[in-house]
Amino acid sequence: MLARANSDSIEIEPFMPTCITGPAGTGKTRWRRALARALGEIGKVQLGPGHGIVPLVPFTSVLVGTQRSVSQILRPLARPEIQSGKVRISEADLPGECALWQAIVGGGLFGVDELQFLTPSKDDSTLVTVVLQALALSNVE
């Protein structure tokens, strides 16, 4: 844990996420919320003398909604300095930063909701594909 917390990067093999799809109103959002409740609240762990406290995050909800860029969508999975905008990194580096932070905080699972708002037309799936690839790279096994 200390090695990960003190590292600038770690080798994490990304894997494809599991997607739960279905028509509107079939309970996908309720299922995500129930899963978050079942996995528990954010905790804390003291890494040792001089190393500070790190949050333990069992589940993170990512709501796409009106977000229109990979950076905005991935921000909840990043470390607090990136989430708040105090530290800026390139969009290309963000999935790796998110994977590192999720590995440090023990984040093994996140739920993404409202992806349907990414496509301005039913034939345009490019942004959805880019977002899904970035989310896969942000995930830890």
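This is a short tour of one predicted model, stop by stop, with something to select at each.

Before you start, note that residues are numbered from 1 along each chain as its sequence is written, and that side-chain values use heavy atoms, with hydrogens and water left out. Because the model is predicted, local features need pLDDT of at least 70 and side-chain atom pairs count only at pLDDT 80 or more, while totals for chains, interfaces and linings use all residues.

**Stop 1: helix H2.** Select residues 28-39, which form H2. Helices here are DSSP runs of H or I with at least four residues, strands are runs of E with at least two, and both are numbered from the N terminus. H2 has 12 residues and reaches 17 Å from its first C-alpha to its last, close to the 16 Å expected at 1.5 Å a residue; the expected span is 1.5 Å times one less than the number of residues.

**Stop 2: strand S3.** Next, colour residues 60-63, strand S3. Which residues make up its covered face? They are Thr60 and Val62, whereas Ser61 and Leu63 are on the uncovered one. In a regular strand the side chains alternate between the two faces of the sheet. Zoom in on threonine 60: its relative accessible area is 11%, so this residue is buried (buried is under 20%, exposed over 50%, partly exposed in between, with a 1.4 Å probe and protein chains only). Leaving aside neighbours within four places in sequence, threonine 60 is in contact with Pro76, Leu77, Gln102, Leu109, Phe110 and Gly111, where contact means heavy atoms within 4.5 Å.

**Stop 3: strand S4.** S3 and S4 run parallel and are joined by four bridges; strands pair if DSSP finds at least two bridges between them. Show valine 62 and you will find valine 112 of S4 opposite. Phi of glutamate 114 is near 70 degrees, a positive value in a residue other than glycine. Most residues other than glycine have a negative phi. With 28% relative accessibility, glutamate 114 is partly exposed.

**Stop 4: H5 against H6.** Finally, select residues 94-104 (H5) and 126-138 (H6). Show Pro95, Cys98, Ala99 and Gln102 in H5, which meet Ala134, Leu137 and Ser138 in H6.

Definitions and conventions. Axes fitted to C-alpha atoms, helices over the stretch in contact; angles between N-to-C directions.
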